[in-house]
Amino acid sequence: RCRVNNEQYCLPAFLVVHLYYLFQTRYFAGLAAGTTIVHLGAKRAVTIPILLPPLGEQRRIVDLIAAVDKAIEAAGYVSSCARDSFERELAGMTTGDDLPSVALRDIARLDLDRVTVRPGDTYKVAGVLNAGRGLLERPSIDGSETNYPAMQRLRANQLVMRKLTAWEGPITVVPERFDGYFVSPEFPSFTLDQGRVIPEYLRHVCKSPALWAAMKDESTGSVQRRKRVSPARLLDICIPLPSLSDQSHYAERLSALEEVQGAAGTARRTLVSLRSALLADLLSGDHEIPASYDALLSA
């Protein structure tokens with residue numbers, strides 16, 4: 001624990017901001033010592049050089065960083081509220097004994113578009129994220145780079161899952177941008193009856209822990225991490241299926257909350273990067289906040 005010797009020379013809040021910036025830039029890592037427990041001793045800590053601009057400039061830096069911190073906190077709060085609202089809406093949509101439900105086989109059929117892999121041909125490859133979080137783009141491969149004799153081509157609005165460790169929720173609906181991507185035979189795909197189910201509604205159902213639990217119950221195999229869900233067993237699982245108008249209502253609300261959460265998360269990450277860049281500029285000694293900024297502090 002350290003105490004500032006003279007607050008007319010260095011503001012404690014400025015020292016906190018400065019030291020945290022050094023922590024973020026891993027400055028302390030070069031000062032730490034020890035073999036088993038790496039630490040930074042007190043004697044070495046107090047030798048760390050600190051840039052000390054005039055007191056007025058220190059106040060301006062502290063105030064400006066505090067304003068950015070409030071914006072970061074606000075963005076995080078919006079993201080958290082949107083996530084909580086999404087989870088409540090999803091739980092209300094997917095749990096309850098009085099909800100109408102159908103087996104997946106009533107609205108989906110196994111539809112494998114197998115393509116023979118040929119050396120020299122390029123294949124855009126996708127993976128399926130856990131917890132119903134969608135698809136991810138993997139690096140494209142040449143046909144000579146895989147041992148699979150055939151791969152499966154995805155189509156937009158299909159349901160796709162990973163058979164292995166299915167209780168982790170690796171299931172989603174293929175978005176338009178992944179139309180024509182390829183997956184290995186471990187990822188069966190299913191064509192939906194869009195006269196009965198809205199793909200966007202089902203995409204959100206794939207984020208339901210209740211569905212993952214049902215997939216776990218349908219898993220077979222003796223070794224836990226090697227257990228699989230077959231396409232036939234997946235199609236035996238029942239999901240809630242309200243009317244098309246209700247599906248549309250749920251999908252719109254959940255997608256809107258999802259967009260708010262994503263936008264707020266992006267804003268927060270941008271602000272965090274801005275904070276680091278701002279501190280780097282202000283603590284370099286090459287830039288300063290003009291004294292006219294003081295008028296804002298007193299406003």
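The legends below describe an overall view and several close-up views of one predicted protein model.

In this predicted model, local features need pLDDT of at least 70 and side-chain atom pairs count only at pLDDT 80 or more, whereas totals for chains, interfaces and linings use all residues. Residues are numbered from 1 along each chain as its sequence is written, and side-chain values use heavy atoms, with hydrogens and water left out.

**Figure 1. Overall view of the protein, with 8 helices and 11 strands.** Helices (H or I, at least four residues) and strands (E, at least two) are DSSP runs, numbered from the N terminus. The radius of gyration is 27 Å, well over the 19 Å that the globule rule gives for 299 residues, so the protein is more spread out than a compact globule. This radius is taken over C-alpha atoms, and the globule rule is 2.2 Å times the number of residues to the power 0.38. Along the principal axes, the C-alpha atoms fill a box of roughly 75 × 45 × 40 Å. Of the 299 residues, 38% count as buried; the term means under 20% relative accessible area, with exposed over 50% and partly exposed in between (1.4 Å probe, protein chains only). Among contacts with a separation of 6 or more, 76% join residues 24 or more positions apart, where contact means heavy atoms within 4.5 Å.

**Figure 2. Close-up of helix α1 (residues 12-24) against helix α7 (residues 244-283).** Two packed helices are described by the angle between their axes and the distance between the axes. Here the angle is about 110 degrees and the axes lie 11 Å apart, which means that α1 is roughly perpendicular to α7. Axes are lines fitted to C-alpha atoms, for helices over the stretch in contact, and angles run from 0 to 180 degrees between N-to-C directions. Angles under 35 degrees count as roughly parallel, over 145 as roughly antiparallel, 65 to 115 as roughly perpendicular and the rest as oblique. The crossing of α1 and α7 is left-handed (the near helix is turned anticlockwise from the far one by less than a right angle; clockwise would be right-handed). From α1, the contact includes Phe14, Val17 and Tyr21, and from α7 it includes Arg275, Leu279 and Leu283. The contact residues divide into 7 nonpolar, 3 polar and 1 charged. Ala, Val, Leu, Ile, Met, Phe, Trp, Tyr, Cys and Pro count as nonpolar, Asp, Glu, Lys and Arg as charged, and the others, Gly among them, as polar.

**Figure 3. Close-up of helix α3 (residues 55-94) against α7.** The two helices pack at an angle of about 160 degrees, with their axes 8 Å apart, so α3 is roughly antiparallel to α7. Their crossing is left-handed. The residues of this contact comprise 23 nonpolar, 5 polar and 7 charged. Glu57 also belongs to helix α3 and is buried, with a relative accessible area of 5%. Beyond residues up to four places away in sequence, Glu57 touches His287, Glu288 and Ile289.

Figure 4. Thr172 counts as buried, at 1% relative accessibility. Leaving out residues up to four places away in sequence, its contacts include Val128, Gly134, Val160 and Cys206.

Figure 5. Most residues other than glycine have a negative phi.
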